Amino acid sequence: VLPLQWRIAVSWVSGYFIFNLFTPVVFSTHGAKEAGRFGMAMSVLNAVSTLGQSWINAKIPMFSMHISRGESNALDKLFKGVALRSTAATAILSFTVVGIVAIANYQGITEIHRISSSSTLLWISCASVANTAVYASASYMRAHREEPMLPVSVMAALLTISAVLLMRENVTHMMMVYAAICTFITLPWTTLLLKSYRARHQAKLAHESFPTHVAG
């Protein structure tokens, strides 16, 4: 268990730095008002992501059940369905929030200024959708009691920290770079890991399904 647990622990710490660095940096650079608006935006879209990822969380025990039984086809079918629904739900809800804020700003509703601008929300939403897809793939792989996401998590954390510190003067640009990291680095890397991981485990199951013959 320990080889799995320490890798997950490092991945979790990397994620902690990613998601909890933004608001303090905004506070130190732009003051309490902007930090409050940004914190509200992150809270809303984090809630949306949590709701979207609930499809994955509900099916993780079934992932493990299919793995223990060697039912790779049933596992892949289940995974594709819940990953699609989870990512789609996150995308629909996130961009709905962006649309509501944009409309409210256009109509001059003053209360909407308590949350970040629609452009900032747009980039946070793009990152949320990419992260939901990454979370689905990571859950699939971790259900095999392995943690192949360690290098991805560490690299994403280092890139995000660098981007936040370099782009801290403009919150929208900071989130745009973060969304680019999630969409063009973290997500493709995770997808490649998932493909190679599935191919390796399917080959292993196929090999184990053939009885071994000992020559007399």
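F63 and F79 are both buried. The model is a predicted one, in which local features need pLDDT of at least 70 and side-chain atom pairs count only at pLDDT 80 or more, while totals for chains, interfaces and linings use all residues. Residues are numbered from 1 along each chain as its sequence is written, and side-chain values use heavy atoms, with hydrogens and water left out.

Me: Why is F63 called buried?
Reply: Buried means under 20% relative accessible area (exposed is over 50%, partly exposed in between, with a 1.4 Å probe and protein chains only); F63 has a relative accessible area of 0%, so F63 is buried.

Me: How many aromatic pairs are there?
Reply: Rings of Phe, Tyr and Trp (its six-membered ring) pair if their centres lie within 6.5 Å, and planes under 30 degrees apart count as stacked, over 60 as edge-to-face and the rest as tilted; by this rule the count comes to 5 aromatic pairs.

Me: What makes F63 and F79 an edge-to-face pair?
Reply: Their centres are 6.2 Å apart with 65° between the planes, which is edge-to-face. F63 lies in helix α2 (residues 32–69) and F79 in helix α3, so this pair ties together parts 16 residues apart in sequence. Helices here are DSSP runs (H or I, at least four residues), as strands are (E, at least two), numbered from the N terminus.

Me: How do you know that F63 and Y140 pair edge-to-face?
Reply: The centres are 6.4 Å apart and the planes 65°, hence an edge-to-face pair. Y140 lies in helix α4 (residues 118–142) and F63 in α2, so the pair ties together parts 77 residues apart in sequence.
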